[in-house]
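Biologist: I am new to reading models like this one. Could you show me how to read its features, one at a time?

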Amino acid sequence: MTNRDLLLKNIGTTQNFPLNFDELEQAVKDKIEVGPYSYIRSGAGSEQSLHNNRAAFAKYAIVPRFLNDVSTLDTSIELFGKTHPTPFLFAPVGMNKIAHEDGELAVVRAAASLQMPYVQSTVSSYSMERIATEAPNHTKWFQLYWSTNEDIAWSMVERAEQAGFEAIVLTIDTVMLGWREHDVRNQFSPLKRGYARGNYEDDPVFLASLQDESEGAFIDGLLANIFHPTLNWGNVRELKQRTNLPILLKGILHPEDALLAIEAGVDGIFVSNHGGRQLDGVIGSLDALPAIVEAVAGRIPIIFDGGVYRGIDVLKALALGATAVAIGRPFVYGLAYSGESGVRQIMQNIYDEFKVSMGLSGISRVHDVRSLTLLQS
């Protein structure tokens with residue numbers, strides 16, 4: 001589809017779907033209960049980190065180049081030996097049933113139809129095995145939360161391997177729960193309400209660790225294992241030895257941690273501040289990206305994750321050196337708005353805007369995006 005065809009398609013659409021992130025967020029606010037909505041929307045503490053993510057994008061201005069042939073755009077990238085038609089990934093977001101009954105099942109179906117890799121959360125509402133049967137041939141990675149009982153973590157990794165997941169994404173910034181005032185005010189905890197049970201109710205090691213078979217014991221066991229203040233580089237090195245799958249660390253914000261990750265044998269990293277939901281007052285993900293890109297120097301892939309709401313955001317992150325870009329809140333809002341079709345529509349909108357932005361910048365291939373000039377205010 002040419003840029004002209006894309007524009008005419010969008011102008012001629014009859015679909016009643018919010019056009020951008022802000023409109024979609026408002027529509028979802030009017031559609032679902034305040035507890036789930038605030039959980040999805042909010043950040044930690046005063047939400048400075050949440051705002052820092054968005055403010056970081058506004059600091060950068062593109063200086064476009066013209067008189068380049070952009071009639072054909074190549075948006076493909078390669079990750080771990082596989083070529084993907086877009087530089088987009090579905091970020092790991094847990095407990096999708098708070099947004100829609102179909103939860104992660106709808107999301108992975110949409111991801112498969114768009115050919116965008118899907119990263120499943122440990123705390124998903126449906127199990128990794130169920131997700132695997134929903135999209136058996138699609139690229140899927142498993143996001144791992146470490147467990148207080150390490151045998152549960154190893155069990156999760158083994159199950160992910162057997163279910164056909166192609167990488168393990170270890171989240172390192174959740175050693176304890178962030179200070180989330182909106183959830184306290186609303187008295188809403190999806191963990192305590194059982195929305196995260198998908199991968200745990202099928203895990204033999206976790207089930208064997210429970211005191212009894214009651215619902216209370218199940219939730220207590222989940223809460224006792226989900227946070228992991230003892231997580232350290234030794235665990236990362238052992239994880240690398242325990243699996244042949246690529247290992248990525250999610251939550252890197254300091255270039256020295258990126259170097260330590262490489263020393264530990266990690267295969268990739270996510271530059272991420274957890275959507276501003278963990279440490280308040282932390283650096284915006286985009287502000288952290290350039291120094292990490294410089295330190296890594298192309299040795300491993302860098303996935304950018306944090307405040308990506310528009311196609312132009314994707315372009316800026318790639319121009320600053322990201323290999324690919326993960327998107328979270330927008331697809332969850334799409335899920336809440338209209339299920340699988342909503343997920344597909346918002347991600348398609350962001351991708352369409354990315355293609356237009358790429359062409360108008362004078363770039364015809366993703367591989368050339370880093371040649372763009374960005375001025376920082």
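Modeller: Start with Leu-67, which is exposed at a relative accessible area of 91%. Here buried means under 20%, exposed over 50% and partly exposed in between, with a 1.4 Å probe and protein chains only. This is a predicted model, where local features need pLDDT of at least 70, side-chain atom pairs count only at pLDDT 80 or more, and totals for chains, interfaces and linings use all residues. Residues are numbered from 1 along each chain as its sequence is written, and side-chain values use heavy atoms, leaving out hydrogens and water.

Biologist: What is the phi of Leu-67, and where does Leu-67 sit?

Modeller: Most residues other than glycine have a negative phi. Leu-67 is not a glycine, yet its phi is positive, about 65°. Leu-67 sits in the loop between strand S1 (60-63) and strand S2 (77-79). Helices (H or I, at least four residues) and strands (E, at least two) are DSSP runs, numbered from the N terminus.

Biologist: What about Gln-187: buried or exposed?

Modeller: Gln-187 is exposed, at a relative accessible area of 60%. Gln-187 has a positive phi of about 50° and is not a glycine. The loop that holds Gln-187 runs between helix H8 (181-186) and helix H9 (204-208).

Biologist: H8 also holds His-182. Which residues does His-182 touch?

Modeller: Contact means heavy atoms within 4.5 Å. Not counting residues up to four places away in sequence, His-182 touches Ser-38, Arg-41, Ser-42 and Glu-47. His-182 and Ser-42 are 140 residues apart in sequence, but 6.9 Å apart in space, C-alpha to C-alpha. His-182 is partly exposed, with a relative accessible area of 23%.

Biologist: Now a residue of helix H14 (residues 311-319): is Leu-315 buried or exposed?

Modeller: Leu-315 counts as buried, at 0% relative accessibility. Leaving aside neighbours within four places in sequence, its contacts include Ile-62, Phe-354, Met-358 and Leu-372.

Biologist: And what does Ile-131 touch?

Modeller: Ile-131 lies in helix H6 (residues 128-134). Ile-131 is buried, with 0% relative accessibility. Among the residues Ile-131 touches, not counting those up to four places away in sequence, are Leu-105, Val-108, Tyr-118 and Phe-165.

Biologist: How do I read a pair of helices?

Modeller: Two packed helices are described by the angle between their axes and the distance between the axes. Take helix H2 (residues 21-29) and helix H15 (residues 329-360): their axes come within 9 Å and cross at roughly 85°. So H2 is roughly perpendicular to H15 (65 to 115 degrees). Phe-21, Leu-24, Glu-25, Ala-27 and Val-28 of H2 make the contact, with Tyr-333 and Ile-346 among the partners from H15. The contact residues divide into 9 nonpolar, 1 polar and 2 charged.

Biologist: What volume does the largest pocket have, and how many residues line it?

Modeller: Rolling a probe the size of a water molecule over the atoms shows where empty space is left. The largest pocket has a volume of about 980 Å³. Its lining has 46 residues, and Tyr-39, Met-95, Arg-180, His-274 and Arg-277 lie nearest its centre. Elements giving two or more residues to this lining include helix H3 (34-41), H8 and helix H10 (215-226). H15 gives the largest share, 3 residues. By type, the lining of the largest pocket has 24 nonpolar, 15 polar and 7 charged residues. Lining residues have an atom within 4 Å of a point on a 1 Å grid, and a pocket is an open set of points with protein on both sides within 12 Å along at least five of seven lines.

Definitions and conventions:
Axes are lines fitted to C-alpha atoms, for helices over the stretch in contact, and angles run from 0 to 180 degrees between N-to-C directions. Angles under 35 degrees count as roughly parallel, over 145 as roughly antiparallel, 65 to 115 as roughly perpendicular and the rest as oblique. Ala, Val, Leu, Ile, Met, Phe, Trp, Tyr, Cys and Pro count as nonpolar, Asp, Glu, Lys and Arg as charged, and the others, Gly among them, as polar. On a 1 Å grid over the protein atoms alone, a cavity is a set of points where a 1.4 Å probe fits but cannot get out, and a pocket is an open set with protein on both sides within 12 Å along at least five of seven lines; lining residues have an atom within 4 Å of a point. Grid points are joined across faces, edges and corners, and a volume is the space filled by probe spheres set on the points.
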